[in-house]
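Please go through this structure with an eye to its core and its charged residues. A short report follows.

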Amino acid sequence: MSLRPKVYYLVGSIEHHPTNGWHWRNSLQTFLEAKGHKVINPVTAEIKALQVADTPLDWQKFKKTNLTKYCIIMRQIIDFDLDVVINQCDAIIVRWDEYIPKGAGSHAEISFAYYFKKPVFLIYEGDISEIPGWLLGCVSKFYTSIKSFKEGFDVLVSDSMASRPKGGD
């Protein structure tokens, strides 16, 4: 069975994560691209989008110094991220960690992916009962580590892409 390359969006904590989630995203991006798929990595994609808008790289300081300007920039990021989920990706891969509950973007992206019938693949190395039920209901498949995701990826592509969640009706 020959499948067309898929577009995956990597969802997880950025704002509250000490490295913006850079390491796990790079690992998955390299893995997926080696298999011929396209990856939208919000850490690098958002930086590029903000540079086009002439936003300084240290824009997050505005959260304390200029809330109006901060909110304008955040709206650009929200618009960008939700457009990726709705219009550009085939599925999202979420790495849940202790930083996600401090933010809101990942929650929204997971819910929108579900509503727009995009598969949601969740990687979490902890107790699954710690994740809110609403979000668990959006997930198509669970993984206990990045390693288990990579090991099950070929089966995932052939099986799970055909059986998307039923939301949005």
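Which residues does Val120 touch, not counting residues up to four places away in sequence? They are Ile92, Val94, Ile110, Ala113, Tyr114, Cys138, Val139, Ser140 and Lys141. A touch, or contact, means heavy atoms within 4.5 Å.

This is a predicted model, in which local features need pLDDT of at least 70, side-chain atom pairs count only at pLDDT 80 or more, and totals for chains, interfaces and linings use all residues. Residues are numbered from 1 along each chain as its sequence is written, and side-chain values use heavy atoms, with hydrogens and water left out.

**Overall fold**

The protein chain has eight helices and five strands. Helices (H or I, at least four residues) and strands (E, at least two) are DSSP runs, numbered from the N terminus. Their order along the sequence is β-α-β-α-α-α-β-α-β-α-β-α-α. Of the contacts between residues at least 6 apart in sequence, 64% join residues at least 24 apart.

The chain has 169 residues, and 44% of them are buried. Buried means under 20% relative accessible area, exposed over 50%, and partly exposed in between (1.4 Å probe, protein chains only). The chain exposes about 9,300 Å², with carbon and sulfur atoms supplying 56% of it. These areas come from the Shrake-Rupley method with a 1.4 Å probe; for residues, only the protein chains shown count as cover.

**Two nonpolar cores**

A nonpolar core is a set of buried Ala, Val, Leu, Ile, Met, Phe, Trp, Tyr and Cys residues joined through side-chain atoms within 4.5 Å. The largest one has 21 residues. Those with the most contacts inside it are Tyr9, Ile92, Val94, Trp96, Ile110, Val120 and Leu122. At least two residues of this core come from each of β1 (7-11), α4, β3 (91-95), α5 (105-115) and β4 (120-123). Strand β1 gives the largest share, three residues. A second, separate core holds 15 residues, including Tyr8, Val39, Phe121 and Ile146.

**Val11 in strand β1**

Val11 lies in strand β1. Its relative accessibility is 1%, so Val11 counts as buried. Ile93 is 82 residues away along the chain, yet the two C-alpha atoms are separated by 5.9 Å. Val11 touches Ile93, and among its other partners are Trp24, Arg25, Ser106 and Glu109.

**Charged residues**

Two salt bridges are counted. The rule asks for a side-chain nitrogen of Lys or Arg within 4 Å of a carboxyl oxygen of Asp or Glu.

| Salt bridge | Closest N to O |
|---|---|
| Glu151 and Lys147 | 3.9 Å |

Asp97 and Arg95 are both buried. Glu151 is exposed, with a relative accessible area of 59%. Lys147 is exposed too, at 57%. Glu151 and Lys147 are four residues apart in helix α7 (residues 146-151), so about one helical turn separates them.

Asp81 sits in helix α4 (residues 67-88).
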